[in-house]
Amino acid sequence: MSDALKSQRTYALVGHGGCGKTSVAEMLLFKTGVINRLGKIEEGTTSLDYEPEEVKRRGSIQPGFANYKWNKNQHFLIDAAGDANFSGDLSYILAGADSAVLVIDAVDGVKPHTRKVWSEVKKAGLPAMVFINKIDRDRADFDMAFAGLSDMLGIKPVLLYHPIGSKENFKGVVDLLGNTALMFDDQGGAAKADIPADMADDIEAMREAMIENVAESDEALMEKYFEEGELTPDEVIQGLKAGVLSGDLVPVVVGSALENKGAEMLLNTIQDLMPSPLDHADWIGADDSVRKSSPDEPLAMFVFKTLADPFAGQLSVVRVLSGTLTPDSALLNVNRSEKERVGQLLLMQGKDQAQTKEPMGPGSIVTLTKLKYTRTGDTLVPEKGQFELKKPEIAPQLITYALAPAEKGDEDKVYSAVHKLLDEDITLSMARDEETGDTLLSGMGQNHIEVSAEKAKRRSKVQIVLKTPKVPYRETLKGKAMEIQGRHKKQSGGRGQFGDCWIHMEPLPSGGGYEFVDNIVGGAIPNQFIPAVDKGIQEAAQRGYLAGYPLIDFKATLYDGTYHKVDSSEMAFKVAGSLAYKKACEKAGVKLLEPIMLVTVAVPDSYMGDVIGDLSGRRGKVLGSDSNAGLTEIRAHVPMSEVLKYAPDLNSMTAGQGTFAMEFDHYEECPPNVAEQVIKAHKKNAEEE
């Protein structure tokens, strides 16, 4: 098996949304004979974008999986989603790969999200190469796209193929290693030819720069290059392999996926320069233990994606980390301490699955069905195994919507329908807001939430309405209220109700929470009734005073009261406590607080002024900004009510090139005009109810 593993390749196609990753995958599957015609994104006919939501929006919303043979060698391909709405789990996808192919659009070049994707590749420690796509497009600019690799990503690119012509005149490439031209025919095939005379001098300079870059990655090669001024083709390949594996060098190939131009060059580069599973760095366990990527180690697998199939049910997509997986294996889910039985081993080809009876070693991407307990992020080992892979970090959710059924009474159906999505999409989270009663769905952006709701509707036949969630305002005291009486007396025949308490109420510093002080002396109130006063105050505080929001950061001191031997009860003192609370609020005065978010926005420098102006218009306070390599990061405090739908607004403002992160920071007093609107809305809702 080791010989086969040396030539096996497992890689992820990554890049920003719209750069053409799925079309590149389609080109490779066509070239290797897996499919017999090239599908198109615009027509919804590609092999890897098959979900109805993907066909409708003409873009990937989940990773696609395929495998093929190239020169009799096994390749596993993962097509990662590029839209920021659907790439929050990229760290998990990269955990399934040995290398990455970064796809760059020759029209747009390096975009801000490309930088984020590249950062994830580096964080995962994966060797990588670049495919510059769409060289044939009207506004294609190869020089701009290539320069962006070093200028904006800090890559040390090694150009292996230079385009001959561009836009509609893109007709071939120069193979810098082979020092020859390759001219495309109408079907995308390539035939050797002479390098065009008008390019010869430039190509020679590029070739020398390429060899020099390769030599710099190895001391022995550098010494020979300085002495002799040349390296043999084998030495260049040797240096390239070493530089790629160390992460110092990034090979660059060019082409046009839609025109089927560049497939052979890309496939050969993947085979010749990308690492095998045996080259993968040691896997690190949750307890910092180490497992080598070797078939000689005990079996371990990582579940890096879960998919739902209408016929097969839950599909667990696993990467074999070490050892060898065979059909009908008895396994242990280490994370959940549950036993699992693996039946068939499936290899995915888009939406189709093919059974294999071959043993699958490290680097294999295998799909398992009918696992009872296993979820994304789990590690599977033999029943007596111990290794648990340390989980990659995922990006935090950026936006939250409240879910409601279109028809009253379907709340549980909505909750159940969306809950099923959580297993296959770890970047979604769902919670119930006990304060507002809302079911909240959080995700990576507005499109992410909307597409998830569409998917839930389609699968579960339940109509879902998305609403902007309620802002969790708070209330707090303006000042002190001393010597406040809460007296509850009720007589209606038979045993009555009597509770009488005296309290002081005063504000605490921000973050002080709630404090209850018992200063009763001499048995003015029996001990068994004192907790009831506390509970009455707390329950009343949850309903607020001004606008129905919880009152926070205050201290209540119970210092006196009276009771009746017959009519006093816990309920009577609870009511007395709530009455005292209301009187204290009236006397001390109450103000409304709004949640303030710490918002960090990353945009190209050219949009900085627009974004800062927009944040100020949202009552934001800009804290500072940092600029680096054409990208500015702006930090600001902004009221939550002003950024509930910030994602689509930022996309519109920056032509989709802005990204942001947001987290709760603190509460501040609402401006009078905002408080007035919130109080007015509360009173209106109360009247309607």
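Reader: Why is Thr659 called partly exposed?

Author: Buried means under 20% relative accessible area, exposed means over 50%, and partly exposed is in between, with a 1.4 Å probe and protein chains only. Thr659 has 22% relative accessibility, so it counts as partly exposed. The model is a predicted one, where local features need pLDDT of at least 70, side-chain atom pairs count only at pLDDT 80 or more, and totals for chains, interfaces and linings use all residues. Residues are numbered from 1 along each chain as its sequence is written, and side-chain values use heavy atoms, with hydrogens and water left out.

Reader: What makes the stretch that holds Thr659 a strand?

Author: Helices (H or I, at least four residues) and strands (E, at least two) are DSSP runs, numbered from the N terminus. Thr659 is in strand 34, which covers residues 659–669. In the protein chain there are 17 helices and 34 strands.

Reader: Which residues does Thr659 contact, leaving aside neighbours within four places in sequence?

Author: Contact means heavy atoms within 4.5 Å. With those neighbours left aside, Thr659 is in contact with Thr600, Val601, Ala602 and Leu650. Glu358 is 301 residues from Thr659 along the chain, and their C-alpha atoms are separated by 44 Å.

Reader: Why does Leu593 count as buried?

Author: Leu593 has 9% relative accessibility, so it counts as buried. Leu593 belongs to strand 31, residues 590–604. Its contacts, leaving aside neighbours within four places in sequence, include Tyr473, Ile552, Tyr667 and Cys670. From Leu593 to Gln62 the C-alpha distance is 40 Å, and the two are 531 residues apart in sequence.

Reader: How do you know that Val117 is buried?

Author: Its relative accessibility is 3%, and therefore Val117 counts as buried. Val117 sits in helix 5, residues 112–123. Not counting residues up to four places away in sequence, Val117 touches Val14, Gly15, Leu90 and Leu102. Val14 and Val117 are 103 residues apart along the chain, with C-alpha atoms separated by 7.1 Å.

Reader: What makes a group of residues a nonpolar core?

Author: A nonpolar core is a set of buried Ala, Val, Leu, Ile, Met, Phe, Trp, Tyr and Cys residues joined through side-chain atoms within 4.5 Å. The largest one has 116 residues, and those with the most contacts inside it are Val14, Leu28, Ile132 and Leu368. Apart from it lies another core of 29 residues, with Val603, Tyr607, Val611 and Ala636 among them. In soluble globular proteins, nonpolar side chains tend to be buried together.

Reader: Why is Asn133 called buried, and where does Asn133 lie?

Author: Asn133 has 3% relative accessibility, so it counts as buried. Asn133 lies in strand 5, residues 128–133. Among its contacts, leaving aside neighbours within four places in sequence, are Cys19, Val103, Asp105 and Ser256.

Reader: What polar atom lies 2.9 Å from the backbone nitrogen of Ala257?

Author: A polar contact is a pair of N or O atoms within 3.5 Å; within protein, one must be able to donate a hydrogen and the other to accept it, and residues adjacent in sequence count only if both atoms are side-chain atoms. Here the atom is a polar atom of the Asn133 side chain, 2.9 Å from the backbone nitrogen of Ala257.

Reader: Why does Asn71 count as exposed?

Author: Asn71 has 52% relative accessibility, so it counts as exposed. Asn71 lies in the loop between strand 2 (64–70) and strand 3 (73–79). Its phi is near 50°, a positive value in a residue other than glycine. Most residues other than glycine have a negative phi.

Reader: Is Asn260 buried or exposed?

Author: Its relative accessibility is 8%, so Asn260 counts as buried. Asn260 is in the loop between strand 11 (250–254) and helix 10. Asn260 is not a glycine, yet has a positive phi of about 60°.

Reader: What makes helix 10 mostly covered?

Author: Eight of the eleven residues of helix 10 (residues 263–273) are buried. Met265, Leu266 and Ile270 are among them. For the protein chain, 53% of the 689 residues count as buried.
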